Amino acid sequence: SRTNNTKAVAEIIHSELSGDLVALELENPYPENYKAIVKQVAEENETSFLPPLKTKINIDKYDTVFLGFPTWGMRLPPPMKSFLHQYDLSGKTIIPFNTHAGYGVGSGFKTVKELCKGCSILEGFAIKGGIERDGIYLAIKGERKKEVAKQVKLWLQRLSIHYGQ
């Protein structure tokens, strides 16, 4: 995510379970300007454009994939849609997690289920992060990060996900 809150949650999960952290990078990065990116993403969603990914992953070596993403326009971000179209995740366990600006996950988890045919999709985790529109960026830090870590641990316990799985 642009505010790094999704990365902060990914790092918390990683500290609990280990594994590989992989950030999706685009061949043509989004603009830095917030209004410009909002406009571009709205157009991509309107036209179902899937931005090409620079990131390459050997997905066959993974049985379980945590899928972290921010809510953009109450939807799954176009780069995540690109990932889900590009890789065959059938037979894998998919565990989505989300950061948002206070409005929730929107249709993100629903879209993950629609695009992950043949996957076992576990309960998702969503939490408020920054509000880029208002100039609030990395919100999951300091004391807030400790509280989020507790919530993530409880979520992982509910899922019965332990190190080595």
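In helix 1, the buried residues are Asn5, Thr6, Ala8, Val9, Ala10, Ile12, Ile13 and Leu17. Buried here means under 20% relative accessible area, exposed means over 50%, and partly exposed lies in between, with a 1.4 Å probe and protein chains only. Helices are DSSP runs of H or I with at least four residues, strands are runs of E with at least two, and both are numbered from the N terminus. Before I continue, please note that this is a predicted model, in which local features need pLDDT of at least 70, side-chain atom pairs count only at pLDDT 80 or more, and totals for chains, interfaces and linings use all residues. Residues are numbered from 1 along each chain as its sequence is written, and side-chain values use heavy atoms, with hydrogens and water left out.

What covers the buried residues of helix 1? The cover includes strand 1 (64–70), strand 2 (93–100), strand 4 (125–128) and helix 5 (142–159). Helix 1 itself covers residues 5–17, which is 13 residues. From first C-alpha to last, helix 1 reaches 19 Å, close to the 18 Å expected at 1.5 Å a residue; the expected span is 1.5 Å times one less than the number of residues.

Let me turn to the end of this helix. Leu17 belongs to helix 1 and counts as buried because its relative accessibility is 12%. Leu17 and Ile161 are 144 residues apart in sequence, yet their C-alpha atoms are 8.2 Å apart in space. Just after helix 1 comes Ser18, with a positive phi of about 75 degrees. Gly19 lies in the loop between helix 1 and helix 2, and at 47% relative accessibility Gly19 counts as partly exposed. The C-alpha atoms of Gly19 and Phe66 are separated by 9.9 Å, although the two are 47 residues apart along the chain.

Two further residues have a positive phi. As background, most residues other than glycine have a negative phi. Ser48, in the loop between helix 2 (34–47) and strand 1, has a phi near 60 degrees. Is Ser48 buried or exposed? Ser48 is exposed, with a relative accessible area of 59%. Met74, in the loop between strand 1 and helix 3, has a phi near 65 degrees. With a relative accessible area of 36%, Met74 is partly exposed.

The loop between strand 1 and helix 3 (78–86) also holds Leu76. Leu76 counts as buried because its relative accessibility is 0%. Which residues is Leu76 in contact with, leaving aside its neighbours within four places in sequence? They are Asn45, Phe69, Lys81, Leu84, Gly108, Thr111, Val112 and Leu115, where contact means heavy atoms within 4.5 Å. One of these, Asn45, is 31 residues from Leu76 in sequence, and the two C-alpha atoms are 9.3 Å apart.

I now move to the chain as a whole. The chain has five helices and four strands. Their order from the N terminus is α-α-β-α-β-α-β-β-α. Buried residues make up 41% of the 165 residues. Of the contacts with a separation of 6 or more, 82% are between residues 24 or more positions apart.

The C-alpha atoms fill a box of roughly 40 × 40 × 25 Å along the principal axes. The radius of gyration of the chain is 15 Å, which agrees with the value near 15 Å for a compact globule of 165 residues. That radius is taken over C-alpha atoms, and the globule rule is 2.2 Å times the number of residues to the power 0.38.

Finally, the surface and the charges. The chain exposes about 9400 Å², of which carbon and sulfur atoms supply 51%; accessible areas come from the Shrake-Rupley method with a 1.4 Å probe, and for residues only the protein chains shown count as cover. There are 22 positive and 18 negative side chains, and the centres of the two sets lie 4 Å apart. Lys and Arg count as positive and Asp and Glu as negative, while His and the chain ends are not counted. Each charge is placed at NZ of Lys, CZ of Arg, CG of Asp or CD of Glu.
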